[in-house]
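User: Before I use this model, I would like to know what stands behind the labels attached to it. Please go through them with me one at a time.

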Amino acid sequence: MKKTILTKAISLALCASMAVSFAACTASGTKETEEETTLISKPENDETTETSEETSETAPETTAEATTEASNEATTTETTAPKVNPYERFIEDYVNAIKKQPDTWYYGPDYDGDTVIPPEGTVGLLVIQDRESISYTLMDIDKDGTDELIFGSTCVMGDGTSFVNVTGVVAMTGEDEYKIVAAGWDRSTLTYAGGVMFVNSGSGGAALHVDTIYQYNNVTKQMDTVCELITEYEGEDADGIPVPRYSLFEGDNYHYNASSAYESGDATCHDDEALNRYNQMLDASSKNMKDIPEIEWNKVPLN
């Protein structure tokens with residue numbers, strides 16, 4: 001290597017003394033300098049490699065197996081932790097209310113029906129009803145990290161299809177504070193449609209039927225009305241069958257009263273158009289029903 005450097009130095013000196021060949025010498029010198037740099041920068045031994053090997057040998061050994069074991073231990077610790085039921089006080093008090101039946105409706109453990117009267121419009125759970133047991137499940141329907149309490153059961157129809165019949169939905173409004181969000185009763189059927197969607201179908205009288213699609217609002221802790229289909233009957237056809245008249249109301253802009261819904265100016269549409277539109281909205285709200293897992297109900301005897 002020293003011989004090569006000396007040869008190149010002589011070549012550069014000759015180029016400097018030959019003005020005519022200056023350009024050619026410059027080009028030649030540049031090329032050789034690049035070659036020299038390459039040669040000089042090339043290590044003559046494997047000291048760096050040896051040092052790297054030594055470092056690798058002296059570093060603490062952390063195997064993939066050890067990392068996996070540590071991860072599995074952490075996961076096991078997390079999954080084995082018992083799940084806390086924040087609704088235990090509510091469930092216990094509700095069961096006692098059903099057994100004693102002090103009133104028709106139950107509004108929560110903070111209302112005894114005598115000294116503390118719930119605000120107007122507060123939803124209550126039906127108490128006076130012949131039952132041998134009640135069933136409940138905890139489900140985070142709005143995916144906010146806090147479970148809602150659902151009273152109900154899974155009902156299987158004759159054709160094999162099933163639906164979730166709901167008798168009550170309760171939410172947490174604070175630590176150990178509850179709010180009844182929705183409830184079914186003996187003249188209506190409240191069902192869970194998946195996600196935050198619920199559907200209620202009930203009678204409002206001898207010649208009135210109400211079908212409502214609700215969406216649970218986890219901010220206000222209440223059910224927002226998506227739409228409401230009012231079915232009224234007027235007269236009979238040639239076969240003596242009552243003739244239905246449909247009126248669809250979207251949003252929370254209408255609640256049935258003594259006046260005819262069919263004559264209301266707030267209706268979105270009527271008759272077949274109203275029925276078809278409601279069914280379309282029902283299909284859209286029930287799109288998550290197929291994703292409802294096999295619900296595990298906790299049964300509480302009342303006797």
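This is a predicted model: local features need pLDDT of at least 70, side-chain atom pairs count only at pLDDT 80 or more; totals for chains, interfaces and linings use all residues.

User: What makes β8 and β9 a pair?

Analyst: Pairing requires at least two bridges between two strands. Strand β8 (residues 197-205) and β9 are joined by eight bridges and run antiparallel, so they count as paired. A hairpin through two residues links β8 to β9.

User: What makes β9 and β10 a pair, and what lies between them?

Analyst: The number of bridges between β9 and strand β10 (residues 222-236) is 10, in the antiparallel sense. Since at least two are needed, they pair. L208 has E232 in β10 as its bridge partner. The hairpin formed by β9 and β10 has four residues between the strands, and K221 in the turn has a positive phi of about 55°.

User: Why is strand β9 called largely enclosed?

Analyst: A residue is buried if its relative accessible area is under 20%. In β9 (residues 208-217), seven of the 10 residues are buried, so the strand is largely enclosed by the rest of the structure.

User: Why is S135 called buried, and what does it touch?

Analyst: S135 has a relative accessible area of 18%. The limit is under 20%, so S135 is buried. This residue is found in strand β3. Leaving out residues up to four places away in sequence, S135 touches I150, F151, G152, W297, N298 and K299.

User: How do you know that β3 and β4 pair, and that β4 and β5 do?

Analyst: Both cases are set against the limit of at least two bridges. β3 and β4 run antiparallel and are joined by four bridges, with Y136 opposite F151 in β4. β4 and β5 pair over eight bridges, also in the antiparallel sense, and I150 stands opposite V169 in β5. β4 and β5 form a hairpin with five residues between them, where G160 in the turn has a positive phi of about 95°.

User: Which residues touch the most other members of the largest nonpolar core, and which elements supply it?

Analyst: The core has 21 residues, of which Y87, F90, Y94, I134, L149, F151 and V170 touch the most other members. The elements giving two or more residues are α5 (88-100), β3 (133-139), β4 (148-156), β5 (162-174) and β6 (177-183). The largest share, six residues, comes from α5.

User: What does V170 touch?

Analyst: Not counting residues up to four places away in sequence, the contacts of V170 include Y87, F90, L149, F151 and I180. A second, separate core of 15 residues includes M139, I141, V166 and V169.

User: How much of the chain is buried, and how many helices and strands does it have?

Analyst: Of the 303 residues, 31% count as buried. The chain has six helices and 13 strands. It exposes about 19600 Å², of which carbon and sulfur atoms supply 51%.

User: What is the confidence in the chain, and where is the pLDDT below 50?

Analyst: The average pLDDT is 77, and 70% of the residues score at least 70. Over residues 1-59 the pLDDT is below 50, and this stretch has 11 contacts in the model beyond near neighbours in sequence.

Notes:
Residues are numbered from 1 along each chain as its sequence is written. Side-chain values use heavy atoms; hydrogens and water are left out. pLDDT is the predictor's confidence in each residue, from 0 to 100. Contact means heavy atoms within 4.5 Å. A nonpolar core is a set of buried Ala, Val, Leu, Ile, Met, Phe, Trp, Tyr and Cys residues joined through side-chain atoms within 4.5 Å. Buried means under 20% relative accessible area, exposed over 50%, partly exposed in between (1.4 Å probe, protein chains only). Accessible areas come from the Shrake-Rupley method with a 1.4 Å probe; for residues, only the protein chains shown count as cover.
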